[in-house]
There are 2 protein chains.
Amino acid sequence: MTLTFASPPQDKAELESGPAFTPRFDEKGLITAVVTDARDGELLMVAHMNAEALSLTLETGFAHYYSRSRDRLWKKGESSGNLQTVREIRTDCDQDAVWLKVSVAGHDATCHTGRRSCFYRTVGVADGEAKVAITDDHRHFDPAQIYAGN
Amino acid sequence: MTLTFASPPQDKAELESGPAFTPRFDEKGLITAVVTDARDGELLMVAHMNAEALSLTLETGFAHYYSRSRDRLWKKGESSGNLQTVREIRTDCDQDAVWLKVSVAGHDATCHTGRRSCFYRTVGVADGEAKVAITDDHRHFDPAQIYAGN
């Protein structure tokens, strides 16, 4: 990683309007990454990035994240082949989140369950209880086969 | 708040495929909320919700969040009038994020800077440094006027 990030400015106006990208990593060194499909804007996943993942993403053009559950850097698609080529990166007003517009290779699937998007369920209330309902059950690949060696 | 949420199941398959909405709040009691415009899918903001905000959102149909900087529950638009009517809520595979598709009232603006979206800047690299460039500078309202009483 050769690209580094300056510390966020104390001045709010500078953070919101200045020319520098100064991501506000949280106490764990992470920022939130929202990932949509550059093709049609569909929300594919939400993940986290540390400085190394963000730097590698900017330098290579392929999305890298930091896996909190596996506690390691993670090049998206390294197992499944569903690499994400980054078409555009945006940041929000207080620079604690980034938005990646990506093109997905491989099976055109982002979720480890084999679905196109991780957001395959709607949330609702029925009989006073919060429920989910599956709205997309199309599997683009078989997870048992793809992740067999992991 | 009358709606409560059961604890997430230990079983991963149940979490990913079961009928219950069991949000996985982090150690601060928060989950990530991604908010898009139901009209055209534009990403408007990323925020956080605690159980109370999530419950109120499901019960009232208006988006509520938890402000980490102000350390309090927050009905979006309570100052600016830019209320968000929730058209659909989704959750992701491991239920630690929700996606709200909303219709924005008032000025049709979500960012406190007066812009439609908080993601008004692109990120890039120039001369070895990470930079931002403003891609949307249209202000739908004047923040100094709208938030004058706050």
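Biologist: Happy to look at this predicted model with you. Is A:Cys111 buried or exposed?

Modeller: Its relative accessible area is 0%. The cut-off for buried is under 20%, so A:Cys111 counts as buried.

Biologist: Thanks! Where is A:Cys111 placed in chain A, and which residue of chain B does A:Cys111 touch?

Modeller: A:Cys111 lies in the loop between strand S6 (97–104) and strand S7 (121–126) of chain A. Leaving out residues up to four places away in sequence, its contacts include A:Arg116, A:Tyr120 and A:Phe141 from chain A. From chain B, the residue touched is B:Cys93.

Biologist: And A:Cys118: which residues of chain B is A:Cys118 in contact with?

Modeller: A:Cys118 also sits in the loop between S6 and S7 of chain A, and at 9% relative accessibility A:Cys118 is buried. Neighbours within four places in sequence aside, its contacts in chain A are A:Leu44, A:Met45 and A:Cys111. In chain B they are B:Thr91, B:Asp92 and B:Cys93.

Biologist: UniProt lists A:Cys93, A:Cys111 and A:Cys118 for "binding site". How far apart are the farthest two C-alpha atoms?

Modeller: The three span 26 residues in sequence. They do not all gather at one spot, because the farthest two C-alpha atoms are apart by 28.1 Å.

Biologist: Nice. Which residue of chain B has the C-alpha nearest the axis relating the two copies?

Modeller: Chain B superposes on chain A by a rotation of 180 degrees with 0.0 Å of shift along the axis, at RMSD 0.0 Å. The copies are therefore related as by a two-fold rotation axis. At 3.2 Å from that axis, the nearest C-alpha in chain B belongs to B:Gly41.

How values were computed. Residues numbered from 1 in each chain as written. Chains lettered and ligands numbered in written order. Predicted model: local features only at pLDDT ≥ 70, side-chain atom pairs only at ≥ 80, totals over all residues. Heavy atoms only, no water. UniProt positions renumbered as here; feature names shortened; annotations may be inferred. Helix = DSSP H or I, 4+ residues; strand = E, 2+ residues; numbered from the N terminus. Buried < 20%, exposed > 50% of the residue type's maximum accessible area, 1.4 Å probe, protein only. Contact = heavy atoms within 4.5 Å. Least-squares fit on C-alpha atoms with pLDDT ≥ 70 in both.
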